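Student: Please bring up the model. I would like to work through it by questions.

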Amino acid sequence: AVSQEPFWADLQPRVAFVERGGSLWLNCSTNCPRPERGGLETSLRRNGTQRGLRWLARQLVDIREPETQPVCFFRCARRTLQARGLIRTFQRPDRVELMPLPPWQPVGENFTLSCRVPGAGPRASLTLTLLRGAQELIRRSFAGEPPRARGAVLTATVLARREDHGANFSCRAELDLRPHGLGLFENSSAPRELRTFSLSPDPPRLAAPRLLEVGSERPVSCTLDGLFPASEARVYLALGDQNLSPDVTLEGDAFVATATATASAEQEGARQLVCNVTLGGENRETRENVTIYSFPAPLLTLSEPSVSEGQMVTVTCSAGAQALVTLEGVPAAVPGQPAQLQLNATENDDRRSFFCDATLDVDGETLIKNRSAELRVLYAPRLDDSDCPRSWTWPEGPEQTLRCEARGNPEPSVHCARSDGGAVLALGLLGPVTRALSGTYRCKAANDQGEAVKDVTLTVEYAPALDSVGCPERITWLEGTEASLSCVAHGVPPPDVICVRSGELGAVIEGLLRVAREHAGTYRCEATNPRGSAAKNVAVTVEYGPRFEEPSCPSNWTWVEGSGRLFSCEVDGKPQPSVKCVGSGGATEGVLLPLAPPDPSPRAPRIPRVLAPGIYVCNATNRHGSVAKTVVVSAESPPEMDESTCPSHQTWLEGAEASALACAARGRPSPGVRCSREGIPWPEQQRVSREDAGTYHCVATNAHGTDSRTVTVGVEYRPVVAELAASPPGGVRPGGNFTLTCRAEAWPPAQISWRAPPGALNIGLSSNNSTL
């Protein structure tokens, strides 16, 4: 519209949102070149104005109206130019109020949540939300409300639940001005806590005695189920006007209140026991009647509480005026009278208890009280077999309490000691039982009324024991003698001993044996009695004199030089015999033959380089005798070749008769020698040729080994002139030089000499090896 008119008026901002109580500058302008006058019409308060030729600006303050429409006008060319604006105010939700909740809300009933946000607006931009904790219960937007509407109220009906107890309810307000170029303004109310409860319609249950005696204490309890929350319940428990201050125990939705009721003489008679339970402003109550009564115990007296045997004793039982007493089953004639009896005290009356009963009827119930008293009768000691047996048998080891008790009053002292003044039994004390306690004891019981004496025998039984004295671990028998395997065991009762050879079922060794080597071995001896058993292994060794066996000590032995072997002569015998072999006659007279030890050891005899063959006598000795044996020793050696028997360099002459290599070997028996060249044996031929020269390998062999040697053979032959020539071949002038060549074949190399022919004495010969 402004663009279609030649002149116009404009108002900026045309539409504005201002927070309630805020201020705003409005700019009013025109394109009229010379406006006559102009202004800004509004009901709002103004704070200042600025003007120009075609404009004016005015500040509006304390803007509170929900909506106003200011008008900008100018008078131009007899026309009035106008521009209308729109100013709306908004108010933040500064106050968000959740109405108070009831102090207690019954579970299962509805309650009202009401939220009020006064003045906030515009209401069309407002949203209210009711919350349980962080959970949204209801949310309402007021979109579509008039622009001038302000403030809002949101109400909801909620069903109270158990889980709502202690829950916080609140209200949240949101003013959303983002579509108008402003922000989102939020605020929440202070949370309000809801307390829910549930109270059973049934009254509490009381557990209490119907009768309560003066001076006594009795427990009472009050129980109620169906409480929520049980911890919030309050209990009042009283007997008459006495508050009992109960202890309350919670068990889920139930509670148990317990207290101790104490009756006093001032309360005697009928009283009421009250239990009152309060929760959520409601209460439940139960009352029970309790009768408080007084009933003292009867009085029982003895004329003498302690008398000597044979004295008279009077027993009296009495009680209150309303009680009927009964003494030893005999009632008094009427209530309120005492009952009596008399007796002549005997030993059987010692520690006799007398009983007095008193009965009283209270509120239709018969009450009984009794009292007892004990009579002590003094008499001399008695040692009965039941309390102090004449013969005791106990196993050794476990701790026992040794008892020899005597009857008597006062309590007798008992002392048991051996008749010879030896050991004393520690009666009444827990201690170990040892075999040293065995024996006969004299027991004396004494008190100030007299004494009693009795002899008792104590036998301590114990399991068998096999010691080294009665049953040694090792036994040595001599072959051919008589012996028996006897093991003596200690024990009570005396044990039976059986010895069985290990590994042989049922082979029990009994009586005398003719000792043979097969009796050597390990025997298991077991001793048994009712208290147990003991077992022991006994090693039996059978010894015997020396004896030579041909395989272990041969009569003929060959010593091989350099073999490192010694003569082995093992002798059977126990203990192991010592063996010595000495030469007998000839070169071996008195010579000691080195023997190989039974087991290799670092102290073995040194191996000799030379051993004299001959006859030796070997003697074996142990403590059970000695035996001799003759041994013939012979000496042999392996092959041996050296420069003297097989020279490493040999020379043959060509054309001579063929002969074997001069190669022999020492050794016993005499070794055989075989020579070959490149694995080919020495050929049989008539004459020596030059081809026989070369290297030969000779091996000497006998029963004890081999030896080898390498031999180089050279073949010598006589000189032969192979060439004689002169040069130049066509002749030479007198006075000139010529060359003569002479070549010879021979081994060793030939020596060449020159000789001029007859008639050539003037020829000068100058020899250079074989060339002149």
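Tutor: Two strands pair if DSSP finds at least two bridges between them. Strands are DSSP runs (E, at least two residues), numbered from the N terminus. This is a predicted model: local features need pLDDT of at least 70, side-chain atom pairs count only at pLDDT 80 or more, and totals for chains, interfaces and linings use all residues. Residues are numbered from 1 along each chain as its sequence is written, and side-chain values use heavy atoms, leaving out hydrogens and water.

Student: How many bridges join β63 to strand β64?

Tutor: β64 covers residues 739–747 and runs antiparallel to β63. Ser-727 stands opposite Thr-739 in β64. The bridges joining β63 to β64 number eight.

Student: Which residue in β63 is the bridge partner of Gln-650?

Tutor: Strand β58 (residues 649–653) runs parallel to β63 (residues 705–727). Five bridges join them. In β63, the partner of Gln-650 is Val-713.

Student: How many residues lie between β62 and β63 in their hairpin?

Tutor: Strand β62 (residues 694–702) pairs with β63 in the antiparallel sense over nine bridges. Asn-702 stands opposite Gly-705. The number of residues between β62 and β63 is two.

Student: Is Pro-229 buried or exposed?

Tutor: Pro-229 sits in the loop between β24 (227–228) and β25 (234–239). Leaving out residues up to four places away in sequence, Pro-229 touches Trp-104, His-165, Thr-196, Phe-197 and Leu-279 (contact: heavy atoms within 4.5 Å). Buried means under 20% relative accessible area, exposed over 50%, partly exposed in between (1.4 Å probe, protein chains only). Because its relative accessibility is 7%, Pro-229 counts as buried.

Methods. Helix = DSSP H or I, 4+ residues; strand = E, 2+ residues; numbered from the N terminus.
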